[in-house]
Amino acid sequence: MNTGRLSQRRIYADHAATTQLCDAAWEAMTPFLRENFGNPSSLHSWARKPRKAVLDAREIIARCIGAEPEEIFFTSGGTESDNWVIKGSSGGLIVSAYEHHAILNAAASEVKRGRDVVYAGVAATGLFDNRMINAMWKPGTGLVSVMAANNEIGVRNDLKALATQAHQKKTLFHTDAVQAVGHIPINVRECGIDFLSASAHKFNGPKGIGFLFKRKGLELSTLIHGGQQESGMRAGTENVASIVGMAAALKWNCDHLDEHAAHLNKLKSKLVQGLVEIVPDASFPGSSSHNQLPGFISVSLPEHPAEGLLHMLDLKGIAVSSGAACDSRNTQISHVLKAIGLPADLATCTLRISFGVENTSDDVEAIVSAFKRLLNR
Ligand code: PLP
């Protein structure tokens, strides 16, 4: 039927907010949505396949990050993993000022319970300076939490240096690696990470599932009391299909890390070049760190408010973000851009464009020409 409307190509360039399920995850999940529906804890044979699938998934995930299977705890996602570590650990806390609200608000709730929390500043490059740990540390500090990669500017931190610094102070180290896992290589053992949070929907897995890595032998209080699932620390019948899908998605990404990164960075270079030609005074928060996530662009376009641009691009079928997705209805200046010292007028003109593997060079050309038209250049 001809509706008379021109069909519009839709381009999704907001992969830092969420990603589409990959084929590997979809195929791995479907048998567990209907056919193999048994409860992994049952004693009869219906439990066999789901139980094995959960065991296998734990092993696959552990292998992808250099952990042991018993160090992986399934959760409902990044927010839950972050809350578990912050609320379940003991002693004073040092958290970076540009953490996701899952960390910042969990830490704020700990302050109300009388816990000592300090917020460590971030360099203008967007990198967290590990010397801040020494500067903020005091007797009784129990945990340092610094993200692996920031969700608004894509800057990646040096996890090994951070963990080493925390350990020199006999303090544990947690990293919110929600934006990093599945996108850059991470080996918890080599880096000396004690706790790590991850979320499947950021790496082409399903929503509502994630995991927490907890180094063997470390104390963390039980999150959900009930049955014996997750070693009795996070009880409740396992979300089998999602767990299986998460493992398949992570494996797929980890098996193709270099290939994906090369593709994403090619798209990024092309977009940056196109944007600079249109707006010569465009600037790119986080880029001076020379250590951003693949395909991740934060761009400030002076005198062009980001929110207006976002909606106009959306009308043209192009999805980008003006900051963290959870903040998109909040017109306050992003705490991340504030933390790296971006002036308020530039911060309100800052867009986040994050590519995924399915984006193409044609997508970049379409985005650049949309900007050209919108900015009358
Ligand atoms: N941490 C970071 C860095 C994130 O980017 C996000 C999501 O945007 C979260 C935590 C929350 O993860 P989830 O959506 O799985 O709860």
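Ala-163 is buried, at a relative accessible area of 0%; buried means under 20%, exposed over 50% and partly exposed in between, with a 1.4 Å probe and protein chains only. The model is predicted, so local features need pLDDT of at least 70 and side-chain atom pairs count only at pLDDT 80 or more, while totals for chains, interfaces and linings use all residues. Residues are numbered from 1 along each chain as its sequence is written, and side-chain values use heavy atoms, with hydrogens and water left out.

**Ligand site**

- The ligand has 13 residues around it, and Gly-78, Thr-79, Asp-176, Ser-199 and Lys-202 come nearest; a residue counts as near if one of its heavy atoms lies within 4 Å.
- Helix H3 supplies three residues, the largest share of this shell.
- Gly-78 places a backbone N or O atom 2.8 Å from a ligand oxygen atom (a polar contact is a pair of N or O atoms within 3.5 Å; within protein, one must be able to donate a hydrogen and the other to accept it, and residues adjacent in sequence count only if both atoms are side-chain atoms).
- Asp-176 has a polar side-chain atom 2.6 Å from a nitrogen atom of the ligand.
- For Gln-179, a polar side-chain atom lies 2.8 Å from a ligand oxygen atom.
- On its own the ligand has 400 Å² of accessible area, and the protein covers 87% of that (Shrake-Rupley method, 1.4 Å probe; for residues, only the protein chains shown count as cover).

**Aromatic rings**

- The whole structure holds two aromatic pairs; rings of Phe, Tyr and Trp (its six-membered ring) pair if their centres lie within 6.5 Å, and planes under 30 degrees apart count as stacked, over 60 as edge-to-face and the rest as tilted.
- Phe-37 and Trp-46 are a tilted pair because their planes stand at 50°, with ring centres 5.5 Å apart.
- Phe-37 is exposed at 56% relative accessibility, and Trp-46 is exposed at 53%.
- Phe-73 and Trp-84 pair edge-to-face, at 5.8 Å centre to centre and 85° between the planes.
- Phe-73 sits in strand S2 (residues 72-75) and Trp-84 in helix H3 (residues 78-88), 11 residues apart; helices (H or I, at least four residues) and strands (E, at least two) are DSSP runs numbered from the N terminus.
- Both Phe-73 and Trp-84 are buried.
- Lys-169 lies over the face of Trp-137, 4.7 Å from the ring centre (NZ of Lys or CZ of Arg within 6 Å of the centre and within 35 degrees of the ring normal).

**Surroundings of Ala-163**

- Ala-163 belongs to helix H6 (residues 159-168).
- Leaving out residues up to four places away in sequence, Ala-163 touches Phe-173, Cys-191, Gly-192 and Ile-193 (contact means heavy atoms within 4.5 Å).
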